[in-house]
Amino acid sequence: MGTKKENIKTKTLGWLSIPAFVLLFLLFLIPLCLTLSNAVYSAEGGFSFSSLFSTFTSPYTLHVLGFTLYQALLSTLASVLVGLPGAYILANYNFTGKRLVKAVSTVPFVLPSILVVLGFVIFYGNNGILNRFLMKLFNLSNPPLHILYSFKAIILAHAFFNFPIIMNLVSTYWEHMDYHCEQAAQTLGADSWRTFWNITFPRLLPSILSACTLVFLFCYNSFAIIMVLGGGPQFTTMEVEIYRRARVSMDNQAAATISIMSLLVTCLLLVLYTHLQKASVQREQFTSGNIKSKKTVQGFWSKFLIFLYSIACALFVLGPLTSVIVRSFMASSSRSGALQFSLKWYRQLFGLVKGTGNMGSALSALQHSMAIALLVALISIPTSLTLATALKRKGFWSSALELLGMLPMAVSSVVIGLGYYLISSRIHSSGYIMVVLAHLIIAIPFALRSVVPEYRKIPPNYLQAAHTLGADELRIFLTIEAPLLKNSLLTGAMFAFALSLGELNATLTLSNSNIVTLPVIMYQLIGSYNYQGACALGTILIVISVTVFLLSEYLKGKENG
Amino acid sequence: MDEKGLTCSIKASYPAFKLDVNFSVKKGSLSCIIGPSGCGKTTTLQLISGLIQPDEGFISLNGTDITQTAVNQRQIALVFQDYALFPQMNVQQNITYPMKLRKVPRSQMVERATMLLDLVSLPGYQKRRSSQLSGGERQRVALARALASEPELMLLDEPLSALDSQLRKHLRDEIRSLHDKTGVTMLYVTHDQGEAMAIADSIIVMNEGKIEQIGSPEEIYNQPQSLFVATFMGESNILPYDVIEQVLVSEGNDYVIFSPKDGEQTIFFRPELVTIQDDMSLPFPDYLPHLEFRNSSLLSCTFQGSFYYIVYRWQNYEIHATAQKRPKGPEATLGVRLTNILQFLDGKRIG
């Protein structure tokens with residue numbers, strides 16, 4: 001009858017995961033402890049909490065914290081406003097272009113933030129494509145939209161980045177909700193509006209809140225968007241403040257104390273997130289049976305609205321990206337000449353022509369970035385596989401371990417970068433090895449997120465069958481579990497690759513000027529107003545990110561089909 | 001202990017119930033464990049396979065004590081209700097998996113896989129994926145895979161319950177013939193008494209973690225040792241013992257001794273043993289000592305295909321019967337031979 005299945009102990013190969021745990025632990029804890037110790041030990045070697053205390057009570061840091069929370073809240077609200085209608089449409093209707101909306105909405109998941117920044121500058125800037133288009137259309141002499149380098153730009157960019165998260169998480173949850181409750185409400189006499197408010201919305205709420213917490217966490221930790229699009233010290237968040245204190249004012253102690261403060265907040269958010277997620281999983285028992293069939297769109301206005309949303313969604317997401325690609329193929333022939341098609345930036349990038357300024361190191365940055373990302377991806381495969389063996393089982397220890405595995409998500413990449421910066425300044429070495437280690441710590445939790453759910457999906461029957469057929473545990477792991485996880489491991493590794501390739505926050509915080517990666521060069525190019533050069537690098541990032549995304553979708557499709 | 005076959009005597013307790021079973025299965029036989037859901041039959045299989053450990057007791061297989069043997073060393077194959085075919089492997093890879101573990105040479109593996117596929121009537125299925133197979137085909141592959149491990153004992157955990165009834169009948173006969181061809185000892189769990197009676201050499205009836213009765217299908221059906229077994233294995237009529245006084249028809253009175261006892265005493269008989277006299281102009285067809293329930297009124301009559309299932313009311317009791325023809329009138333006299341009646345006292349068989 002299968003009721004006693006939980007009694008069966010298929011022993012896990014716990015020892016397999018020990019090296020990976022030790023690795024993760026050391027890579028994560030050493031820099032973190034160093035950061036923490038910097039907060040309480042002053043440069044002269046004295047131990048005191050005074051610095052911590054003064055930071056926690058200083059009006060300036062409290063103001064920064066307040067602003068960080070405020071912009072994260074507004075960004076989350078904006079993401080919900082844009083994302084929820086999409087979630088409704090995706091979960092309830094079939095329409096032409098649905099696949100496009102779905103595909104487009106997954107794009108920002110894999111985009112590095114520096115690319116978003118660049119896209120925004122190119123698309124929404126005063127001299128950007130949108131403004132020029134509007135100027136031509138309405139025959140204006142001045143750009144009508146002033147979005148960039150302001151609070152608006154920050155919120156808009158965060159919404160761009162995060163509305164797909166809301167849309168995807170909520171619509172997936174919505175789609176899989178058992179529809180019998182709604183049908184029951186309607187047979188009991190509730191109209192469709194009442195059914196939504198009394199039944200559907202309360203059931204959706206935990207999933208909305210959990211998606212919101214995640215988005216809030218991302219916005220809280222946002223770095224490149226604030227640095228560039230905020231355009232000045234009046235918009236400083238905790239992350240930016242940590243970076244400035246460490247790398248501009250060279251005050252490690254202050255940077256460390258702010259890190260601790262920021263860490264406390266993100267830990268709280270993460271606890272809230274795990275709690276909400278558990279609540280939403282517990283409340284609904286997913287059934288595959290009673291899933292409602294999707295309606296086709298009826299009536300002109302609904303068709304029109306859905307069409308409008310799809311177009312807006314595509315424009316909102318694809319506009320900035322397309323303009324990056326278009327811009328990369330343009331150059332002005334003379335100092336003030338009009339832009340025309342040119343491969344100038346690619347020639348500079350691939351070293352065919354000597355690049356000027358930062359473009360000179362673009363090729364080596366590309367090579368370095370590819371090498372780092374490849375290394376990170378390769379290491380992430382065995383690490384996430386063995387870590388997953390420990391995490392797959394539900395129980396006290398595995399949930400404790402899972403939280404530990406998620407900790408690097410709570411600790412922002414700037415804080416990790418700061419830790420590695422402190423290490424490299426101690427041992428007077430700042431090689432690329434530090435970058436690889438920092439990227440590993442950032443990428444592994446994401447790789448794990450792709451592997452662990454798949455691991456948990458493997459029916460215990462497979463392992464029991466293999467066991468009764470004569471396989472021992474190691475054999476089962478090698479011949480049954482690992483092959484079944486092949487695709488999710490590959491997906492995880494590709495995400496690690498993409499993540500490492502686009503990583504800016506930690507890299508910028510830990511590196512000195514002789515370390516160049518693709519995003520760092522892009523950041524410098526944007527800083528020196530060489531947008532076309534940045535666009536050429538950005539196009540390469542887009543191509544790689546989109547390839548990774550398509551490959552992972554393909555693997556997912558193969559798994560389901 | 002030196003008896004060939006499976007002998008087990010195991011105790012295990014769980015939050016919901018206690019399991020305490022004691023039985024043996026002859027080498028080369030096909031035995032069924034049957035019982036209502038939650039009676040512990042699946043748990044018993046898992047204990048024997050070694051996937052879970054008993055609190056106390058022993059399990060011996062062909063003279064060897066295997067209580068402490070690891071699952072993968074036991075030579076006991078388990079066939080699952082949901083097949084558990086490895087999805088990343090094709091049919092042949094699934095079947096050769098246990099042979100690979102036993103380091104069988106490659107050429108021999110392929111040959112044996114082909115032979116096993118022929119045996120389960122799936123010739124040429126080597127390269128198929130499990131996702132391309134129907135439920136019945138999957139279960140055949142699972143059977144072939146289990147046989148490929150050359151088990152000393154094969155456990156089958158409700159192997160047919162996910163299939164539709166037509167296919168279930170067909171496949172249960174195939175499992176029986178598979179057993180006869182290979183001679184492997186099989187222990188088969190089911191909750192379907194028809195399935196158990198059709199294929200088993202012996203049946204083990206379980207209830208609430210305990211064994212109620214072990215015996216051949218005929219013994220279990222005709223000579224149940226408890227009311228539970230009697231009612232679980234088929235349709236039944238249960239009446240209080242004292243009705244005998246009113247309905248007994250016996251020519252030589254010395255033939256029957258009416259002997260009521262303390263406790264809940266009942267009589268039991270199967271519906272197919274009830275004779276219906278619905279034409280009062282004819283004499284009652286039975287002259288041996290019997291019980292006669294006069295003036296029974298017809299409650300319902302349902303057509304079952306090869307017979308009619310009829311329910312009468314006699315006084316305050318319902319009496320179930322079967323017949324080849326639809327009853328002619330609303331009233332009838334029902335008769336049962338005394339030799340067809342079983343007696344139970346507090347649920348246990350007496351007399």
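## Terms and basis

Two strands are said to pair if DSSP finds at least two bridges between them, and the strands themselves (E, at least two residues), like the helices (H or I, at least four), are DSSP runs numbered from the N terminus. This is a predicted model, in which local features need pLDDT of at least 70 and side-chain atom pairs count only at pLDDT 80 or more, whereas totals for chains, interfaces and linings use all residues. Residues are numbered from 1 along each chain as its sequence is written, and chains are lettered from A and ligands numbered from 1 in the order in which they are written.

## Chain B overall

Chain B contains nine helices and 20 strands, and its C-alpha trace spans about 80 × 45 × 35 Å along the principal axes. Of the 351 residues in chain B, 36% are buried, a residue being called buried if 20 or more other C-beta atoms, placed from the backbone, lie within 10 Å of its own, exposed if 12 or fewer do, and partly exposed in between. Among contacts in chain B between residues at least 6 apart in sequence, 68% join residues at least 24 apart; contact here requires C-beta atoms, placed from the backbone, to lie within 7 Å.

## Strand pairing in chain B

Strands E1 (residues 5-13) and E2 (residues 18-26) of chain B run antiparallel and are joined by nine bridges. The two form a hairpin with four residues between them, and Thr7(B) stands opposite Ser24(B) in E2(B).

An open sheet is formed by four strands of chain B in the order E11-E13-E19-E20, with antiparallel pairing. Strand E11 (237-240) and E20 of chain B each have a single partner strand and stand at the edges, so one side of each is left without a neighbour in the sheet. Direction ignored, neighbouring strands of this sheet are turned by 40° against each other on average. Four bridges join E11(B) to E13(B), where Asn237(B) has Phe269(B) as its bridge partner. Strand E13 (residues 265-269) of chain B pairs in turn with E19(B) over four bridges, and the partner of Phe268(B) in E19(B) is Leu342(B).

Strand E19 (residues 342-345) of chain B has a covered face with Leu342(B) and Phe344(B), and an uncovered one with Gln343(B) and Leu345(B). In a regular strand the side chains alternate between the two faces of the sheet. Three bridges link E19(B) with strand E20 (residues 348-350) of chain B, and Phe344(B) has Arg349(B) in E20(B) as its bridge partner. These two strands form a hairpin with two residues between them, and Asp346(B) in the turn has a positive phi of about 50°.

## Contact between the chains

The contact takes 25 residues from chain B and 21 residues from chain A. On the side of chain B that touches chain A, helix H1 (41-49), strand E6 (76-79) and helix H2 (91-101) each supply at least two residues, and H1(B) gives the most, with four residues. By class, this side of chain B has 13 nonpolar, nine polar and three charged residues, where Ala, Val, Leu, Ile, Met, Phe, Trp, Tyr, Cys and Pro count as nonpolar, Asp, Glu, Lys and Arg as charged, and the others, Gly among them, as polar.

Notes:
Contact = placed C-beta atoms within 7 Å. Axes fitted to C-alpha atoms, helices over the stretch in contact; angles between N-to-C directions.
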